[in-house]
Amino acid sequence: MCLAVPAKIVRLEESGQGTASYMGSEVRANFSLVPRARPGDWVIIHAGFAISIVDAREARETLRLFKEMAATDRR
Amino acid sequence: MTKISLELGSGGRLMRDFLAAKIVPAFRDPLLGELADATHLPGGIALTTDSYVVDPLFFPGGDIGTLAVNGTVNDLVVAGAEPRFLSLALILEEGLEAEVLDRVIGSIRTAAKRARVRIVTGDTKVVRRGQGDKVFINTAGIGRTVARPRLERVRRGDKLILTGTLGDHSLAVMLARGDFGLRSSVRSDCAPLVFLLPLWRAGARWMRDVTRGGLATVLSELVERLPYPVLIEEDAVPLSRPVRAASELLGIDPLYMACEGKAVIVAPAAKAAGILARVRRHPLGRRAAVIGEVQDRVGRPGELLLRTAAGGLRLLEPLTSELLPRIC
Amino acid sequence: MKELRDPAVLRRLLDEIGAKAGLLGRTPRLMEVCGTHTMTLFKHGLTPMLAEAGVEMVSGPGCPVCITPNAVHEAAIAAVTRTEGLTLAAFGDMTRVPTRKGSLQAAVPAAGSRLRIVYSPEEALDEARREPGRQVVFFGAGFETTIPGIAYTAKRAAAEGLRNFSILPALWLIPPALRAILDAGEIAVDGFIYPGHVSAVIGAAPYEFVARDYGIPGAIAGFEPGDMLLGVRSVLDQALAGRAEVALEYGRAIGREGNAVARALMDEVFEPFDAVWRGLGKIPGSGLRFRAEYAGLDAGRRWGMAAETAEMADASDLAGCRCGEVLRGVIRPAGCPLFSKRCRPDSPLGPCMVSFEGACLIHFKYGPVRRARS
């Protein structure tokens, strides 16, 4: 019940609505649940609502860890 | 079953059971019994028919008119026939705007020219408002037999070639119906597959266009009739970026999404590279790829298997229900 | 994010998991309670790989479609078939559940009425705004991931004074269900994989009672294959160290404290009550209903279906259906005698075979079970 994707905020409107970009497609969503989010932030979007702001630093760290694991395996 | 349900029309097992229980026994004709999409007749011609009831009528990349021509043309091509003539039967709902009809007819004309077929006979009926969904179209197609593909000729080691990306048509229609907050550049891939005809001479053993039910459904039907399992490599399946995005966002599996201008070709191992190169030379085949193999290293006869991008192995079943966007 | 699907990385994580499970000296059984987690495991073929590594995965009641009693589905069907000029807006997942009155998708709407599949509750609200002469009922089903969005929509509808919008709620809370499964003691669970996006809203604290009171380790995990394996590895690490806690293995997307704004909204519009879950019966504090101030938006009340809603629902299944046991993790889909024989995706007898999140459908579509082709 958790189908959601990370998307990058493109534009925020006064109403709380806005658009985010996911793999080149534009998604309209409501950002009222993440009032601290700004354009350029990555958020998790579920059923038309952003429910969480992605921690860019942690995300990069996770990816780095995984890249490392992949690299050490390919000798 | 006492009443016809919408599910019956979705093309899955219910439809096949219906054909087997009601249609085939009623006519007892060996040609009909093959239940092929197009049938080769004595005299070197092939015949096919299809009805088109798409909603909405217009979508990015096409409309009911382009579908009505290309769908029937493609059924002939993948059965081994060069499409030549089409009949065109229109069922129109009372109150339909003339301008809408003009657009559809214009699309039919353009598509027929592109596919090099002639519309040579037809019919027009009008039904009361509320009794039809604006426009229904039936086309029957006649082609010249150029090959008689037989599944019995498929061998272990044969490769499966997919002529391009999956799901573009399905997504374009879905978003034209209700956009789900998604703005996408996707366009239906509705197109004639006439460019594949020379492949019959180049050694292709079998072809199928990937329509309703998607690749998984089409291959399930193939594998049911083979003495070997078929293995597909998930990583090798070409997908356009908009389809990738939408499938993650809406929770729809591209392996089940319909196309209207893509085919899967079974080619002998020795000829596969050559056939692939020829497909890729055509603008409609740029993203063609070898996606799998008829083999017996994994799985059992009759099984369609997928090696996932993660390295796991799972069974692929045919589509049994309508693809709906989900939140879970 | 394709690194999180890289086969070499997954192989390495699986090897680590195998080594740790070996050290444990028995096969640990881990339960995930989120249909999307079930999907990830099967779609990528992880379950057999984990079994080979010595870890048994079991699915819990993570499918909101499956645990919503038939009576609520039937209320939605009643709304669209009995009232004219009404739009019943629902998530795609909800529309194919077989009830005694057929499925929502197959229902014949009353004159001028229709069923509309939506991706977001806001789409339903937009229709109500655009067509003031039309009644719009949103069939709002979901867990804590989805509830804040529904709460927001309800609040907007109330603020705008919309008279033609209402919500039929089927809102469920995960932590009480976990407690119910543990208290039922039907199966031994050695660890939990907690749902990453539910946790985006509720944070980590609501699961702490599992570690503290039952001594069972758990990890909040994301939804890529790599995420889930990280979660499994974390649970095994805890078990080996004799520790039980709620580890966060999805820190890139969510924080331990969850989303306070979302929780406040949920709390403003809804209040908990003892809801009846299909297969699990009545669970204290496990459902949400409208607070008195928002009761005007309750479709159950507006359309006189109060008796058919979750409060007084009869949660029994259609004859022979054992979805309840599947939902509690007591049996696997293959353990139901109807599975893949009489109950199949094109002829489902229960919601577990219908819902895209249903364990039975997932096992059928993606499982390596050897089935006779018919």
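## Basis of the description

Residues are numbered from 1 along each chain as its sequence is written, while chains are lettered from A and ligands numbered from 1 in the order in which they are written. The model is predicted, with local features requiring pLDDT of at least 70 and side-chain atom pairs counting only at pLDDT 80 or more, whereas totals for chains, interfaces and linings use all residues.

## Chain B against chain A

In chain B, 15 residues are in contact with 14 residues of chain A, contact being defined by C-beta atoms, placed from the backbone, that lie within 7 Å. On the side of chain B that touches chain A, at least two residues come from each of β9 (182-183) and α7 (241-250) of chain B, these being DSSP runs numbered from the N terminus (helices, H or I, at least four residues; strands, E, at least two). The most is given by α7(B), with seven residues.

Strand β3 (residues 25-30) of chain A runs antiparallel to β9(B), and two bridges join them; strands pair if DSSP finds at least two bridges between them. Within β9(B), B:R183 is the bridge partner of A:E26.

## Chain C against chain A

Here 38 residues of chain C are in contact with 28 residues of chain A. The elements of chain C that give two or more residues to this side are α1 (7-24), α2 (35-43), α7 (147-159), α9 (196-202) and α12 (260-269), and α9(C) gives the most, with five residues.

Methods:
Contact = placed C-beta atoms within 7 Å.
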